[in-house]
Amino acid sequence: MCLIVFSLSILAAVAVDRIVDRQIEARIILNSDVLVEGIQEGFRDVDQHLSSLTGLFEASDNVTADEYKRFVNEMGLVPGMRGIGYMPIVSAQDLEVFQDRMAATFTGYQVFEIDTSGNRVPVRPRGVYFPVQFFEPSDAVGSPLGLDGGSPPGRIRYVMESVATGKATATPLVPLATTGQEGLVVYNPVVGPSGTVVGIVVAPLVLNDLMTEWVPTGLADILTWTVRDVTMSASLLEGSDARDAHTTVVPPIADGVVHSETIDVAGRVWQIDTAPAPGSPLLADSGRERWVLAVGLVMGLLAGAAVYSFLHKEEALREVEFLSDVITAKNHFIAALSHKIGTPLTSVLGFSEILRGERDQMSSREVGELIDALADEASNLATIHEDLVVLGRAEYGTLDLEAVQVDLGSEIASVLEVFDLAKTVPVQIPDGGVRALADPSNVRRILRHLIENAVVHGGDTVWIVVGSLDDAAVVDVIDDGDGVPSDHSWDVFEPYLRDHDAISGNPESIALGLSVSRTLAQRMEGDLTYHRVEGRTVFGLRLPIDESVTEPTRIEEPGSEATTSVGRSEVPSRNL
């Protein structure tokens, strides 16, 4: 007993640690969601400002410096946004004319670029330029008027991406070209009347200022966080919908209980890792929680052991009861099968004795009739034997089936011919027929059981409808009989229970054929169903359709006219 308690205590300690960690993680996630929502709200403001300024240039192709300054002053800037500017797309042959025109407004205006050392140098010859035409505040971030937006190292790729896609883009987290502060630059395309991009609205954002303004006050006392651009790694996660799938590619920097989440920032993917700050309230009382949970778990486990002992006995009794029901059902099946086999077997023996003892006194016609009857009963015995073999092989997983093209109309016709029903059971089938991918011999076995069941146990009128529905070929065997009583409809396919003629009370009436048919249909990736439709009994066989048939005809919907290509007379359309 002491060993049991010791073992339970160890398990309880492990469980308590995990529970407390989960509680801390839940608090981190809750506060991280607040952090992430603040960042996303800030970027929504940035996007709104960029879109507003983009609308100004799309509404007018001759915005003046005064109009631009007044518009920006009225709109204001998002906290963390160092400024906002406009860069037209200027070809090399138009660059000199552009500089002269801008110099008339801004004395000394000259297009320049930033070299790898951060110095301002004359622009190098290129086919196209993106000079900053307007920027407010004009003295912010090192007075960028005239800066070629594509010249800072690594920037041209994102400028051209915005031009090519017509969508907003952003740089990774990089030092800003004119100040060196860590941040990012967001580009938003301006589309001209011709539908092409004629310029770019640009806004440099400083990361620290963004976080200071967007993160709720006091959250820094609770969490520490790290923001990383993981766009290059995010491509490895396409198709994954798991919330933390990105951590398998870019693990969090911190150790311990850490929460990671990704957000979209103008086409970039940021990963935000959060962890409890030193002395964070998130970690308060974790020791007391562990003791309380440990005691509770130990007591709960001891009580659970006692309850388990009691319930185990109940479960054993239920298992014995279930096995008793199975044995009873098996006994019923054996008794019913004995009757089912006994009838044709007795007939075979009787006919054989008559032929052996009285054949000389019988006419040739009488001998022929006896032989035919003998063959029919022997065929019934062979069918029962084959059904039992199929059930046994299916149960033990040794049933071999092939999947080839099967013309359902031809198979139905051959079965009806065997039963001498070709002239009495009409068949509705679309022009061109319906083909399934199935095992031909077992399709015939299913059809034989369904047709025999309908003729023997169904109503006076039997007919068959063939078509396709969704991705399946469908054969409905329909009769106008009373069907299976509603309290037995659920077990019509059970091999140990009575079949379609359940109201007779005959012990030989077992659903062996229907059970075999459904088993075969399901093994061929199809199904066999039973239902009542408008007073009719319908056994519906579904099989995979042969996709090599270019345009299979579907079963007609209610109110439409079905096509009959095989049959003796017009019959009601089968509606699904």
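A quick word on ground rules: since the model is predicted, local features need pLDDT of at least 70 and side-chain atom pairs count only at pLDDT 80 or more, while totals for chains, interfaces and linings use all residues. Residues are numbered from 1 along each chain as its sequence is written, and side-chain values use heavy atoms, with hydrogens and water left out.

**The pocket**

Let's start with the second largest pocket, which holds about 590 Å³ of space. A pocket here is an open set of points on a 1 Å grid over the protein atoms alone, where a 1.4 Å probe fits, with protein on both sides within 12 Å along at least five of seven lines; lining residues have an atom within 4 Å of a point. Points are joined across faces, edges and corners, and the volume is the space filled by probe spheres set on them.

The lining takes in 26 residues, and Asp61, Tyr86, Pro88, Arg101 and Gln133 lie nearest the centre. Two or more residues each come from α1 (2–59), β1 (84–88), α3 (95–103) and β9 (182–191). Helices (H or I, at least four residues) and strands (E, at least two) are DSSP runs, numbered from the N terminus. The top contributor is α3, with four residues. By type, the lining splits into 16 nonpolar, six polar and four charged residues; Ala, Val, Leu, Ile, Met, Phe, Trp, Tyr, Cys and Pro count as nonpolar, Asp, Glu, Lys and Arg as charged, and the others, Gly among them, as polar.

**The rings**

The structure has seven aromatic pairs. Rings of Phe, Tyr and Trp (its six-membered ring) pair if their centres lie within 6.5 Å; planes under 30 degrees apart are stacked, over 60 edge-to-face, and the rest tilted. Two of the pairs look like this:

| Pair | Centre to centre | Between planes | Type |
|---|---|---|---|
| Phe57 and Tyr86 | 3.8 Å | 10° | stacked |
| Tyr530 and Phe539 | 5.1 Å | 50° | tilted |

Phe57 in helix α1 and Tyr86 in strand β1 are 29 residues apart, so to speak a link between distant parts of the chain. Phe57 is buried at 10% relative accessibility, and Tyr86 at 7% (buried means under 20% relative accessible area, exposed over 50%, partly exposed in between, with a 1.4 Å probe and protein chains only). Tyr530 and Phe539 are both buried too. Ring pairs also join Phe57, Tyr68, Tyr86 and Phe134 into a cluster.

**The serine**

Ser517 sits in helix α11 (residues 512–523) and is buried, with a relative accessible area of 0%. Beyond its neighbours within four places in sequence, Ser517 touches Ile446, His449 and Leu528, where contact means heavy atoms within 4.5 Å.
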